[in-house]
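Subject: Structure handover

Hello,

Here is the model we talked about. Please look through it alongside the notes below.

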Amino acid sequence: MAFSLQLQQIFLSHTRFCSQPKSITNPLISLKLPSIHPLAFAQNAAVSNIDTGVAAIDASADEVLLPPQLKRELMPKHVAVIMDGNRRWAKMRGLPVALGYEAGIRAVRNLIELCGKWGIRVLTLFAFSSDNWLRPKVEVDILMSLFERALNDELENFARAGIQISIIGDSSKLPKSLQDLIDKGINTTKQNSRLHLVVAVNYSGQHDVVQACQTIAQKVKDGIIETKDINSFLIEQELQTNCIDFPCPDLLIRTSGELRLSNFLLWQLAYAELFFSHSHWPDFGEAEFLEALCSFQQRQRRYGRQSS
Ligand SMILES: CC(C)=CCC/C(C)=C/CC/C(C)=C/COP(=O)(O)OP(=O)(O)O
């Protein structure tokens with residue numbers, strides 16, 4: 001993608017903030033160019049616009065329709081969401097759990113549309129944690145069939161709306177029909193660049209770090225890299241989010257009043273701003289998203305620097 005190349009060129013021209021060599025033929029980074037670490041920007045006033053995402057969204061700036069409360073230059077590039085409270089929403093209404101999840105999927109559709117309209121580049125949704133297998137089988141089955149139906153219903157719309165889909169997590173444990181549909185979705189949307197929708201299914205943030213460590217340890221053992229080469233950029237490239245141009249969320253939203261991360265994107269959330277909403281996920285609509293974004297735009301992101 002053009003904007004990703006542009007950012008990576010900027011990154012490569014600001015090498016003093018990274019300890020590893022930046023040649024793209026270097027074996028350390030041969031598979032994928034390094035992603036942009038927030039610290040690289042935070043320490044360099046010359047590229048401070050990139051810190052706020054301006055350069056990144058210029059490519060589609062004409063199509064971005066923001067409400068007056070939001071400033072384009074302060075929009076997050078990557079928003080991640082823990083969509084909590086679907087069952088509670090259903091129980092409060094005396095409805096079966098399945099209807100809570102169906103309402104949750106309507107809220108997902110709405111949020112995807114808003115992200116596309118407001119120029120957010122990446123939306124990562126925590127749809128199913130690897131701990132969720134511990135739920136009653138009937139509930140897991142409901143969720144799996146709802147994922148499948150939703151994906152099936154939306155695939156054509158994604159293609160039309162320029163949405164790329166990726167999955168993080170271990171999808172090999174999902175029903176085969178869902179795995180096939182996911183493969184189809186990834187293939188048919190891979191050229192799209194308006195919004196990258198990343199769905200975490202059977203995902204564990206701790207496991208992601210463990211598998212990255214295992215891959216890196218193997219590279220050391222095979223003599224591809226030395227222990228002293230291991231740094232945060234190298235680790236980030238081995239995480240499952242290495243498929244995303246902006247792997248670290250700027251903003252994490254969790255609904256339903258719970259104040260925890262629940263094993264979601266543990267490495268990638270290091271510098272994210274956190275927003276906790278009291279709404280249950282099915283009630284999280286435009287007004288609630290706007291509130292989260294306004295709150296985000298009032299934050300001073302310092303990455304450890306002193307306040308200005
Ligand atoms: C295609 C796609 C991305 C679909 C997403 C569907 C969706 C809303 C999934 C949320 C799944 C989930 C396990 C939520 C957390 O608790 P909870 O909401 O089950 O229940 P709680 O009220 O007990 O917190």
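V209 touches L239 and W267, not counting residues up to four places away in sequence; a contact means heavy atoms within 4.5 Å. V209 is found in helix α9. Helices are DSSP runs of H or I with at least four residues, strands are runs of E with at least two, and both are numbered from the N terminus. V209 is partly exposed, with a relative accessible area of 24%. The terms are these: buried is under 20% relative accessible area, exposed is over 50%, and partly exposed is in between, with a 1.4 Å probe and protein chains only. From V209 to N242 is 33 residues in sequence and 12 Å in space, C-alpha to C-alpha.

Ground rules before the rest. This is a predicted model, where local features need pLDDT of at least 70 and side-chain atom pairs count only at pLDDT 80 or more, while totals for chains, interfaces and linings use all residues. Residues are numbered from 1 along each chain as its sequence is written, and side-chain values use heavy atoms, with hydrogens and water left out.

Overall picture

The chain has 11 helices and 6 strands. It runs to 308 residues, and 54% of them count as buried. Take the contacts with a separation of 6 or more: 75% of them come from residues 24 or more positions apart.

Helix α9 again

Helix α9 covers residues 205–221, and A217 sits in it. A217 is partly exposed at 45% relative accessibility. T227 is 10 residues from A217 along the chain, and their C-alpha atoms are 8.5 Å apart.

Cores

A nonpolar core here is a set of buried Ala, Val, Leu, Ile, Met, Phe, Trp, Tyr and Cys residues joined through side-chain atoms within 4.5 Å. In soluble globular proteins, nonpolar side chains tend to be buried together. The largest core has 50 residues, and V81, L111, L123, I253 and F289 have the most contacts inside it. L123 touches V79, V81, L111, I112, C115, L195, H196, L197 and V198, leaving out residues up to four places away in sequence. A second, separate core has 15 residues, including I82, V198, L252 and A272.

V198 deserves a look. It lies in strand β4 and is buried, at 0% relative accessible area. Beyond four places in sequence, V198 contacts V122, L123, T124, L125, S166, I168 and I244. C243 is 45 residues from V198 along the chain, with 9.2 Å between the C-alpha atoms.

Cysteines

How many disulfides does a search of the whole structure find? It finds 0, a disulfide being a pair of cysteine sulfur atoms within 2.5 Å. For C213, the nearest cysteine sulfur is that of C248, 16 Å away. For C243, the nearest is also that of C248, at 12 Å. C213 is partly exposed at 45%. C243 is partly exposed too, at 31% relative accessibility.

Largest pocket

A pocket is an open set of points on a 1 Å grid over the protein atoms alone, where a 1.4 Å probe fits, with protein on both sides within 12 Å along at least five of seven lines; lining residues have an atom within 4 Å of a point. The largest pocket has a volume of about 1200 Å³, the volume being the space filled by probe spheres set on the points, which are joined across faces, edges and corners. It is lined by 48 residues, and M83, V108, L125, A127 and F147 lie nearest its centre. Elements giving two or more residues to the lining include α6 (97–117), β2 (122–129) and α7 (137–161). The lining divides into 27 nonpolar, 8 polar and 13 charged residues. Nonpolar means Ala, Val, Leu, Ile, Met, Phe, Trp, Tyr, Cys and Pro; charged means Asp, Glu, Lys and Arg; the others, Gly among them, are polar.

Backbone points to check

Most residues other than glycine have a negative phi. S262 has a positive phi, near 50°. L265 has a positive phi as well, near 40°. S262 is in the loop between β5 (251–254) and β6 (273–276), and L265 is in the loop between β5 and β6. S262 is partly exposed at 29% relative accessibility. L265 is buried, at 0% relative accessible area.

Best wishes
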